Amino acid sequence: MWYDLSKLKGFETVEECLDRNKVIVRALEQEPALSPVARHIKDCSKFDRCQHLLCSQCKREFRLQYVPKICEFLAHQKDESRIYAVTLLEPLDASTTKEIDIAKLKDNLYHRLKRLFGDEIIAIGGFDIVLNTDSENTWKPFFHPHWHLIFITKLSPKELREKLKHYYPQTDIIKRPVRVVAVRSFKRAVSYMFSPYFSRRVRFLNTKREGRNPFYDGREYSLNGKQMRQLAKKLSNNKVTDMLFLYGCRKYAIKQKKPVNDFEFRITQKLG
(Lines give C-alpha, C1' and ligand atoms only; values in the text may rest on other atoms or scores of the structure.)
Protein backbone atom coordinates (compact mmCIF):
# COMPACT_ATOMS: atom_id res chain seq x y z
CA MET A 1 0.00 0.00 0.00
CA TRP A 2 1.39 3.39 -0.98
CA TYR A 3 0.83 6.61 0.93
CA ASP A 4 0.32 9.95 -0.76
CA LEU A 5 1.76 13.25 0.40
CA SER A 6 -1.54 14.44 1.84
CA LYS A 7 -0.92 12.16 4.82
CA LEU A 8 2.49 13.65 5.51
CA LYS A 9 2.64 17.30 4.59
CA GLY A 10 6.08 18.80 4.34
CA PHE A 11 7.78 15.72 2.90
CA GLU A 12 10.14 16.14 -0.02
CA THR A 13 8.57 16.09 -3.47
CA VAL A 14 9.33 13.72 -6.34
CA GLU A 15 10.95 16.61 -8.23
CA GLU A 16 13.26 17.42 -5.31
CA CYS A 17 14.33 13.80 -5.10
CA LEU A 18 14.99 13.58 -8.83
CA ASP A 19 17.17 16.69 -8.63
CA ARG A 20 19.10 15.26 -5.68
CA ASN A 21 19.65 11.99 -7.51
CA LYS A 22 21.05 13.82 -10.51
CA VAL A 23 23.59 15.57 -8.27
CA ILE A 24 24.49 12.27 -6.58
CA VAL A 25 24.91 10.41 -9.87
CA ARG A 26 27.08 13.16 -11.36
CA ALA A 27 29.32 13.08 -8.29
CA LEU A 28 29.71 9.29 -8.33
CA GLU A 29 30.39 9.15 -12.07
CA GLN A 30 33.58 11.13 -11.48
CA GLU A 31 35.21 8.04 -9.99
CA PRO A 32 35.30 4.84 -12.12
CA ALA A 33 35.12 2.55 -9.08
CA LEU A 34 31.75 4.09 -8.17
CA SER A 35 30.29 3.92 -11.67
CA PRO A 36 28.26 0.76 -10.90
CA VAL A 37 26.63 2.52 -7.92
CA ALA A 38 25.95 5.61 -10.03
CA ARG A 39 24.39 3.52 -12.79
CA HIS A 40 22.30 1.59 -10.26
CA ILE A 41 20.82 4.81 -8.83
CA LYS A 42 20.43 6.38 -12.28
CA ASP A 43 18.39 3.39 -13.49
CA CYS A 44 16.01 3.62 -10.52
CA SER A 45 12.42 3.91 -11.79
CA LYS A 46 8.92 3.90 -10.37
CA PHE A 47 8.41 0.27 -11.38
CA ASP A 48 11.91 -0.99 -10.57
CA ARG A 49 13.37 0.77 -7.53
CA CYS A 50 17.09 0.45 -6.86
CA GLN A 51 16.59 0.47 -3.06
CA HIS A 52 20.07 1.97 -2.57
CA LEU A 53 20.61 3.90 0.65
CA LEU A 54 21.90 6.94 -1.26
CA CYS A 55 18.90 7.09 -3.59
CA SER A 56 16.63 10.01 -2.69
CA GLN A 57 13.62 8.50 -4.47
CA CYS A 58 13.88 5.22 -2.56
CA LYS A 59 14.40 7.01 0.74
CA ARG A 60 11.30 9.10 0.09
CA GLU A 61 9.17 6.04 -0.61
CA PHE A 62 10.57 4.30 2.45
CA ARG A 63 9.63 7.31 4.58
CA LEU A 64 6.14 7.52 3.07
CA GLN A 65 5.55 3.84 3.80
CA TYR A 66 7.11 3.53 7.23
CA VAL A 67 6.35 6.83 8.98
CA PRO A 68 2.53 6.37 9.05
CA LYS A 69 2.87 2.75 10.20
CA ILE A 70 5.24 3.65 13.03
CA CYS A 71 2.93 6.50 14.06
CA GLU A 72 0.04 4.04 14.25
CA PHE A 73 2.17 1.70 16.33
CA LEU A 74 3.13 4.46 18.78
CA ALA A 75 -0.46 5.65 19.10
CA HIS A 76 -1.41 2.22 20.48
CA GLN A 77 1.30 2.42 23.16
CA LYS A 78 0.91 5.97 24.44
CA ASP A 79 -1.71 5.33 27.16
CA GLU A 80 0.38 2.86 29.15
CA SER A 81 3.90 4.22 28.66
CA ARG A 82 6.03 7.29 28.19
CA ILE A 83 7.34 7.95 24.69
CA TYR A 84 10.66 9.71 24.09
CA ALA A 85 12.75 10.72 21.11
CA VAL A 86 16.29 9.53 21.77
CA THR A 87 19.38 10.46 19.75
CA LEU A 88 22.57 8.44 20.31
CA LEU A 89 25.93 9.41 18.81
CA GLU A 90 28.24 6.45 18.30
CA PRO A 91 31.57 6.51 20.22
CA LEU A 92 34.45 7.51 17.98
CA ASP A 93 36.78 4.70 16.94
CA ALA A 94 37.89 3.02 13.73
CA SER A 95 34.83 0.77 13.66
CA THR A 96 32.46 3.74 13.51
CA THR A 97 34.34 6.31 11.42
CA LYS A 98 36.46 4.40 8.87
CA GLU A 99 34.58 1.24 7.94
CA ILE A 100 30.83 1.73 8.31
CA ASP A 101 29.13 -1.62 8.84
CA ILE A 102 25.47 -0.83 9.56
CA ALA A 103 24.58 -4.44 10.38
CA LYS A 104 27.36 -4.59 12.97
CA LEU A 105 26.41 -1.19 14.42
CA LYS A 106 22.78 -2.34 14.74
CA ASP A 107 23.89 -5.53 16.46
CA ASN A 108 26.06 -3.54 18.88
CA LEU A 109 23.17 -1.16 19.63
CA TYR A 110 20.78 -4.05 20.22
CA HIS A 111 23.10 -5.75 22.73
CA ARG A 112 23.86 -2.46 24.50
CA LEU A 113 20.15 -1.84 25.00
CA LYS A 114 19.69 -5.43 26.12
CA ARG A 115 22.40 -5.10 28.77
CA LEU A 116 21.23 -1.68 29.94
CA PHE A 117 17.46 -2.10 29.91
CA GLY A 118 16.39 -5.69 29.30
CA ASP A 119 12.61 -5.51 28.89
CA GLU A 120 12.30 -1.98 30.32
CA ILE A 121 12.10 -0.36 26.88
CA ILE A 122 10.78 -0.92 23.39
CA ALA A 123 12.74 0.95 20.72
CA ILE A 124 12.19 1.69 17.06
CA GLY A 125 14.23 4.04 14.92
CA GLY A 126 16.70 4.70 12.18
CA PHE A 127 20.37 4.90 11.29
CA ASP A 128 21.86 8.20 10.16
CA ILE A 129 25.33 9.46 9.35
CA VAL A 130 26.71 12.99 9.07
CA LEU A 131 30.03 14.46 7.99
CA ASN A 132 31.27 16.32 11.06
CA THR A 133 33.52 19.32 10.42
CA ASP A 134 34.79 22.17 12.58
CA SER A 135 35.01 25.81 11.47
CA GLU A 136 38.24 26.21 13.44
CA ASN A 137 39.73 22.95 12.10
CA THR A 138 40.04 21.53 15.60
CA TRP A 139 39.73 18.05 14.11
CA LYS A 140 39.84 16.42 10.70
CA PRO A 141 36.40 15.92 9.10
CA PHE A 142 34.91 12.49 9.76
CA PHE A 143 31.68 10.65 9.05
CA HIS A 144 29.84 10.04 12.31
CA PRO A 145 27.10 7.37 12.57
CA HIS A 146 24.24 7.99 14.98
CA TRP A 147 20.73 6.82 15.79
CA HIS A 148 17.38 8.57 15.94
CA LEU A 149 15.15 6.37 18.07
CA ILE A 150 11.79 6.32 19.78
CA PHE A 151 11.77 4.74 23.25
CA ILE A 152 8.55 3.37 24.72
CA THR A 153 9.16 2.92 28.45
CA LYS A 154 8.04 3.55 32.00
CA LEU A 155 11.44 5.02 32.90
CA SER A 156 12.07 8.75 33.33
CA PRO A 157 14.36 10.79 31.04
CA LYS A 158 16.92 11.02 33.86
CA GLU A 159 16.96 7.25 34.30
CA LEU A 160 17.42 6.76 30.55
CA ARG A 161 20.29 9.27 30.33
CA GLU A 162 22.08 7.81 33.35
CA LYS A 163 22.06 4.33 31.87
CA LEU A 164 22.88 5.34 28.29
CA LYS A 165 25.92 7.41 29.20
CA HIS A 166 27.69 4.16 30.12
CA TYR A 167 28.07 3.38 26.42
CA TYR A 168 27.75 6.91 25.05
CA PRO A 169 30.18 9.11 27.03
CA GLN A 170 30.79 12.81 26.55
CA THR A 171 34.13 13.77 24.96
CA ASP A 172 35.84 16.94 23.71
CA ILE A 173 34.35 16.34 20.27
CA ILE A 174 31.05 14.73 21.26
CA LYS A 175 29.59 17.25 23.68
CA ARG A 176 26.09 15.77 23.76
CA PRO A 177 26.17 12.05 22.89
CA VAL A 178 22.73 11.34 24.37
CA ARG A 179 19.57 13.36 23.84
CA VAL A 180 16.23 12.40 25.39
CA VAL A 181 13.06 14.50 24.90
CA ALA A 182 9.37 13.75 25.31
CA VAL A 183 7.52 13.17 22.03
CA ARG A 184 4.71 15.63 21.40
CA SER A 185 4.13 14.98 17.70
CA PHE A 186 4.45 11.43 16.39
CA LYS A 187 4.73 12.51 12.75
CA ARG A 188 7.47 15.02 13.47
CA ALA A 189 9.46 12.64 15.67
CA VAL A 190 9.15 9.64 13.36
CA SER A 191 9.89 11.52 10.13
CA TYR A 192 13.02 12.89 11.83
CA MET A 193 14.20 9.32 12.46
CA PHE A 194 14.76 8.71 8.75
CA SER A 195 16.68 11.55 7.15
CA PRO A 196 15.74 12.31 3.52
CA TYR A 197 19.41 12.85 2.67
CA PHE A 198 22.87 12.74 4.26
CA SER A 199 24.50 16.05 5.14
CA ARG A 200 27.57 17.86 6.42
CA ARG A 201 27.48 19.50 9.85
CA VAL A 202 29.80 22.44 10.62
CA ARG A 203 30.50 23.21 14.26
CA PHE A 204 31.12 26.87 15.11
CA LEU A 205 31.35 29.07 18.19
CA ASN A 206 28.12 31.04 18.47
CA THR A 207 28.79 34.45 20.01
CA LYS A 208 25.68 36.23 18.75
CA ARG A 209 22.97 34.81 21.02
CA GLU A 210 21.89 37.67 23.23
CA GLY A 211 21.87 36.89 26.94
CA ARG A 212 24.05 33.78 26.59
CA ASN A 213 27.75 33.10 26.88
CA PRO A 214 29.47 31.87 23.69
CA PHE A 215 28.61 28.24 22.96
CA TYR A 216 29.25 25.68 20.25
CA ASP A 217 26.49 25.34 17.70
CA GLY A 218 26.14 23.65 14.32
CA ARG A 219 24.75 24.23 10.85
CA GLU A 220 23.96 21.62 8.22
CA TYR A 221 24.88 21.81 4.54
CA SER A 222 24.72 19.53 1.52
CA LEU A 223 27.66 17.23 0.78
CA ASN A 224 29.85 18.30 -2.14
CA GLY A 225 30.91 15.87 -4.86
CA LYS A 226 34.10 14.67 -3.16
CA GLN A 227 32.31 14.14 0.14
CA MET A 228 29.50 12.25 -1.57
CA ARG A 229 32.03 9.90 -3.16
CA GLN A 230 33.67 9.32 0.23
CA LEU A 231 30.30 8.45 1.74
CA ALA A 232 29.35 6.20 -1.20
CA LYS A 233 32.44 4.08 -0.56
CA LYS A 234 31.28 3.53 3.02
CA LEU A 235 27.65 2.77 2.12
CA SER A 236 28.03 1.22 -1.33
CA ASN A 237 26.23 -2.03 -0.47
CA ASN A 238 23.47 -0.76 1.80
CA LYS A 239 19.73 -0.63 1.12
CA VAL A 240 17.23 1.89 2.47
CA THR A 241 15.68 -0.79 4.68
CA ASP A 242 19.03 -1.16 6.45
CA MET A 243 18.22 2.09 8.28
CA LEU A 244 15.45 0.48 10.32
CA PHE A 245 16.26 -0.62 13.89
CA LEU A 246 13.88 -2.58 16.11
CA TYR A 247 14.12 -3.63 19.76
CA GLY A 248 11.26 -5.37 21.51
CA CYS A 249 9.02 -5.15 18.43
CA ARG A 250 8.77 -6.60 14.95
CA LYS A 251 7.36 -5.86 11.53
CA TYR A 252 4.58 -8.20 10.41
CA ALA A 253 2.99 -8.57 6.99
CA ILE A 254 -0.77 -8.08 6.88
CA LYS A 255 -2.44 -10.89 4.97
CA GLN A 256 -5.39 -9.84 2.85
CA LYS A 257 -7.32 -11.32 -0.05
CA LYS A 258 -5.64 -9.07 -2.57
CA PRO A 259 -1.82 -9.03 -2.63
CA VAL A 260 -0.72 -5.65 -1.30
CA ASN A 261 2.50 -4.35 0.16
CA ASP A 262 1.12 -3.73 3.64
CA PHE A 263 2.48 -4.36 7.12
CA GLU A 264 2.27 -3.32 10.76
CA PHE A 265 4.49 -3.20 13.83
CA ARG A 266 3.76 -5.18 16.99
CA ILE A 267 5.53 -5.47 20.32
CA THR A 268 7.25 -8.78 21.08
CA GLN A 269 7.84 -8.23 24.80
CA LYS A 270 5.95 -6.70 27.70
CA LEU A 271 7.55 -3.74 29.41
CA GLY A 272 9.13 -4.66 32.72
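Residues 24 or more positions apart make up 71% of the contacts in the protein chain with a separation of 6 or more, a contact being heavy atoms within 4.5 Å. Before going on: this is a predicted model, with pLDDT of at least 70 needed for local features and 80 or more for side-chain atom pairs, while totals for chains, interfaces and linings use all residues. Numbering runs from 1 along each chain as its sequence is written, and side-chain values use heavy atoms, without hydrogens and water.

Now the overall form. The protein chain has eight helices and nine strands, taken as DSSP runs (H or I, at least four residues, for helices; E, at least two, for strands) numbered from the N terminus. Its radius of gyration is 19 Å, close to the 19 Å from the globule rule for 272 residues, so the chain is as compact as a globular protein of that length. That radius is taken over C-alpha atoms, and the rule is 2.2 Å times the number of residues to the power 0.38.

What share of the 272 residues is buried? The value is 48%, where buried means under 20% relative accessible area with a 1.4 Å probe, protein chains only.

Last, the core. The largest nonpolar core has 75 residues, and Leu113, Phe151 and Leu164 touch the most other members. Such a core is a set of buried Ala, Val, Leu, Ile, Met, Phe, Trp, Tyr and Cys residues joined through side-chain atoms within 4.5 Å. Helix α3, residues 56-75, gives the largest share of this core, nine residues. Leaving out residues up to four places away in sequence, Leu164 touches Val86, Leu88, Leu113, Leu116, Phe117, Phe151 and Val178.

Definitions and conventions: Buried means under 20% relative accessible area, exposed over 50%, partly exposed in between (1.4 Å probe, protein chains only).
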